[in-house]
Amino acid sequence: MHLLPGSPSPTTLRGRDRELAVLDGLITRARGGASSALVVAGDAGVGKTALLDRAAEHAAPRVRVVRMVASESEMGLPYAGLQLLCGSLMDVADRLPAAQSEALEAAFGLRDAQAAPNPFLVGLAVLGLLGAAARTAGAVLVLADDAQWLDDVSARALAFAARRLDEDRGVALVLAMRAVDERFADLPQLVVVGLQDDDARELLRLALPGAIDGRVRDQLLAEADGNPLALQELPRALSPDQLAGGYALAASMPLQHRIEESLLARLQPLPEPTRTLLLVAAADPTGDPDLLWRACAVLGIAPEHQDAAVRAGALVTGARVGFRHPLVRSAVYRAATPEDRRRAHAALAEATDPDRDPDRRAWHRAAATLRPDEPVAAALEASAARARTRGGVAAAAAFLTRAAELTPAAPRRAQRLIDAAGAKHDAGAPAAALRLLDSARDHPLSPLQQARIARLRARAQYALHRDRAALRALLAAAQDLAPLDPVLARDTYMEALAAIAYAGRLADPGVVDDVAQAILTATKDDDSPRARDLILRGQALLVAQGTAAARPTLRRAFHAFLTQEPDALELRWMWFGGRAAMDVYDVEEWRTLTRRQVALARAAGVLSVLPMALNLQMVVHVFNGDLDAAEATCDEIDAILEVTGHPLPRYGRIYVAAYRGQLAEVERAAAEIRADAEVRGEGYGLTAANFSLALAYNGVGRYADAIEAARRELPYERELHHAMRALLELIEAAVRAGERPLAEEALARFRTVTEPADTEWSRAMLAYASAQLADDEQAEVLYEQAIAGFDAVRVPMLRGRAQLLYGEMLRRRHRRVDARAQLRPAYETLSACGMNAFAQRAARELAATGETLRARAPDGADRLTDQERNVAQLAREGLTNRDIGARLFISSRTAEYHLRKVYVKLGIGSREELRTALEEVA
């Protein structure tokens, strides 16, 4: 049965056998050493808290129970929810790797930090704490109630840990929320609905045992819709006359509000100081009893009022102060007058230690302040700066927005509104950023402020709508900023170039040329040796004048990126250097720049940069013929984006699937990417889909379909990157389908891009493409050149494809012995790279020459993933699993798991054998 909020914890719950069985199974599995997470979702009052109470009762004493209740008022404080949850687990924090414990301490404000704590490490620290607690106690049950109110960084860290609980033993994590939040949407779910009619009637009878008019009973049942708390509370809103006389139940407000009204009615008879104590407790979700008593002392509330609140069934005291039900807290806080709320927050501000918890003090002071107050606004601004260093961009935006509201002087208010808008945009809320900018323009603005507003407005509009006009607005903002803030102006030009790169064909062609020309004009007399200045001009030259004109400047930029210590902007834009190196066929510069950016971003923990760098590294792995490593990199990108919430497009999976020959997966992903790209105005997504489809179709010999996909890229070779590589697929498909004029047109366009580059790689690519249209004798020369070139630049997947085409040509001309000499190594190379569809093509061609293939068992070391190699190398250097985990941003158990797989693949049994085993395959 369901009991009233003030009742003892129940041993059974009426009508909840299904839900209890799920929770009991979770706890039983944890006691058996398994780990799992569960989202419990349902309306307010439907019984989620009662289910958590029952789970805690069932788990104790053999399972350690950790509970927390998130609060709406804490959503603006970064890691506030996580601090509430992990506070009782810090007794095992000494078991965490140093990097993880330091990140956690920085997130909780327990140590000074120069930069935001790495959210990846914070997530791993949470996972480590849960695992350590489980190993100490045998099992641990973690219950997070009202999880919809978790601040964003706490929610992402918890979701990150929840998805990886199988790496720790004996952890059961339950998150209760009203509706399933998108951050937890892929976790197992238990949806709690209203009670069935028989159970609802029985619960109503127990809550209201006296006589009741049948029409009133039916109306109560209909209004409550099986909600247990409503069934218990709504009857209390009716007088005895109404219960006996059949008056209808008022239905003018939502059910949740009516429940809250009933809860408040029960508290109304309490003395005024007791109700004030409840309001102070509701305004402070930390549950710190010492803070509550200090705040009550400020208000002159005597300790005996705590007992009255407990007797009334509203408050629960102990190590922490809490409410019997989360709705009691919200009801008390919402019902208070604005003046009473301000008094409560003022008392809490006075009672909060300004050195130990300056941000909560600032927040309480702001909630207690009605009129503009510069000292309060300045304290909020300082809190915003601290929030940024703790990874709370959204919190920084909230602090700055409130600071602006409380700023008396108009110029200072405008600046804080602009800063708040920037933080809102960085936090992924461009619409809110635009609203703040609208407020700022009503104030007197300096030219620099006007230019900053224009820049932010353009960025927000582009983020919201991929609005073509926003690209011109970015250009105009960069030009306006040039005399006022040259560094910000050039960063804005780079943003415009980056937007153009992603917009591709969906951008206005005129704006592409205009941006490039504006950059060239702005930098024509610039002799700066800085990498960021060189890459800006080099990219503009590449767009406006092509490879030959851009190459000298780009090579200077590559050298600067590799030799100069980068600042934050250069680290951010280094991926443009890697991309440009790929586009102008400087293969070694591409590899080196990509490695450098990944290493720098990883070492500094800059997770806003690392996914972009890893995207390039994924493509490097593909061209290196290591699809396992490419897929492992996709895993790492996904994990980072999951914990940071960055909306970076994820195209790596479709590339890997296309190279592997997984046609069904490519077709499915291409349809999704196309639809999303059209909505986002992202032409690069269309290119990704078209190129991947053409590659996959060529692999299985569906040349007409490959033509249909690849010819869409024919007009866009100027976009370079995968649009240009799609031309290679079009040439192959058109030649095989007998559409020679189409193949010749594609080759002509491909030549305009590759010939000016004049590198070993570009010459090999052009030879590979040209050979397919050449006559017999010339084709052989060109294929030999391509194969030698691809060997020289170490691109085995293209060498294998060149040998496949060469062998197919020879076999068609009945030169079977010569064909085998090409097809055999083509099959071996393509198989080793994991390009299964192309390898099967080679196998079929070999069979047509009369040769039977024997299955080749791949060498164990060839099959090590990128992460397995990393773990093996660090283990060889003597690092423990814990140290390996800290170095690679993985848990120690994950490091152990990878190491076990390494042992199996290499056929060894210990760390001592790693050195020899890895040297043999180096």
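1. Let's start with a term: a nonpolar core is a set of buried Ala, Val, Leu, Ile, Met, Phe, Trp, Tyr and Cys residues joined through side-chain atoms within 4.5 Å. Buried here means under 20% relative accessible area, with over 50% called exposed and anything in between partly exposed (1.4 Å probe, protein chains only).

2. A quick word on what you're looking at. This is a predicted model, where local features need pLDDT of at least 70 and side-chain atom pairs count only at pLDDT 80 or more, while totals for chains, interfaces and linings use all residues. Residues are numbered from 1 along each chain as its sequence is written, and side-chain values use heavy atoms, leaving out hydrogens and water.

3. Now for the cores. The largest nonpolar core has 203 residues, and the members touching the most others are Leu175, Phe184, Trp590, Phe623 and Trp761. Helix α5 (residues 119–137) gives the most to this core, namely twelve residues; helices are DSSP runs (H or I, at least four residues), just as strands are (E, at least two), numbered from the N terminus. There is also a second, separate core of 42 residues, with Leu203, Leu315, Leu327 and Leu348 among them.

4. Zoom in on leucine 175. Leaving aside residues up to four places away in sequence, its contacts (heavy atoms within 4.5 Å) include Leu38, Val39, Ala144 and Phe184.

5. Have a look at helix α29 (residues 587–604) and helix α30 (residues 610–623), which pack at an angle of about 140° with their axes 9 Å apart. Axes are lines fitted to C-alpha atoms, for helices over the stretch in contact, and angles run from 0 to 180 degrees between N-to-C directions. Among the residues that meet are Trp590 and Val598 in α29, and Leu614 and Phe623 in α30.

6. Across the whole structure, a search finds zero disulfides (pairs of cysteine sulfur atoms within 2.5 Å).

7. Helix α15 (residues 326–335) is largely enclosed by the rest of the structure, because seven of its ten residues are buried. Those buried residues include Pro326, Arg329 and Val332.

8. Last one: leucine 663 lies in helix α33 (residues 663–680) and is buried, at 13% relative accessible area. Leucine 663 touches Ala696, Tyr697, Val700 and Arg702, not counting residues up to four places away in sequence.
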